[in-house]
Amino acid sequence: MKPAQESYSPSHPGLFSVDFRPGEYTSALIAVKDFDEGEIMAYLEGLTKAPKAYTSVQCGPNDDDHIELNSDLVYVNHSCQPNVAFDMSSPDETKWHARALEPIRSGEALTFFYPSTEWDMDQPFDCRCGAPSCLKRIQGAAHLTKEQLLARKFVSPWILASVAERGNSSTSTDIGSTKAPATRNCSTCGFGFAARGDDRSRCGCKPT
């Protein structure tokens with residue numbers, strides 16, 4: 001759910017603020033301080049598991065591995081040349097965070113590359129980010145080549161693993177296949193095994 005302008009109170013005061021703009025999907029999250037490249041801007045707290053939706057973020061390889069951010073971070077818009085990564089690669093969910101991919105100055109809009117987390121998006125759209133590397137149509141990583149993904153500064157490990165398995169599969173080799181490799185959910189953390197390390201037989205949330 002997105003915070004509404006009428007009742008708005010910043011979820012990360014001193015870090016970001018929502019710039020509410022007229023029109024659909026035009027509002028943006030703005031930095032209110034400078035961030036260095038590689039700096040953790042905020043930890044992802046207050047998350048809830050949720051069905052795939054235009055406001056959700058994918059956090060693993062399974063169809064039900066989606067979370068709602070429940071904060072101003074939901075206003076981080078897409079760009080094909082992003083300045084923010086949502087890094088949910090740690091098996092420790094308390095370490096999931098938003099990180100600066102380049103120096104960000106106060107007043108700049110925050111953006112991330114949607115296919116860096118999303119395999120097949122709930123609401124594809126035509127991109128108007130204006131970046132030289134703009135992909136024009138954003139549908140999710142399932143519709144992109146490995147080279148297109150690696151050209152970005154960060155892509156979630158389950159996305160790269162799914163792309164690799166798509167390429168190695170004898171039954172699903174075409175770009176645009178929206179079916180990610182089958183996985184099973186962990187009874188402990190609730191997410192897919194493939195999202196938690198290289199050993200597909202053991203979920204990363206469990207002790208070694």
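Predicted model: local features only at pLDDT ≥ 70, side-chain atom pairs only at ≥ 80, totals over all residues.

Reply: Residues are numbered from 1 along each chain as its sequence is written, and side-chain values use heavy atoms, with hydrogens and water left out.

Me: How many helices and strands are there in the protein?

Reply: Helices (H or I, at least four residues) and strands (E, at least two) are DSSP runs, numbered from the N terminus. Here the protein has two helices and 12 strands.

Me: In what order do the three strands of the open sheet stand?

Reply: Two strands pair if DSSP finds at least two bridges between them. The order is β4-β6-β5, with antiparallel pairing. The edge strands, β4 (48-49) and β5 (56-58), each pair on one side only. Three bridges join β5 to β6 (residues 66-68), and valine 57 lies opposite isoleucine 67 in β6.

Me: How many salt bridges are counted?

Reply: A salt bridge is a side-chain nitrogen of Lys or Arg within 4 Å of a carboxyl oxygen of Asp or Glu. The count is six. One of them joins arginine 99 and aspartate 87, whose closest N and O atoms are 2.7 Å apart. This pair links distant parts of the chain, strand β9 (residues 97-100) and strand β8 (residues 84-87).

Me: Is arginine 99 buried or exposed?

Reply: Buried means under 20% relative accessible area, exposed over 50%, and partly exposed in between (1.4 Å probe, protein chains only). Arginine 99 is buried at 16%, and aspartate 87 is buried at 10%. In another salt bridge, arginine 21 meets aspartate 19 at 2.8 Å, N to O; arginine 21 is partly exposed at 37%, as is aspartate 19 at 31%.
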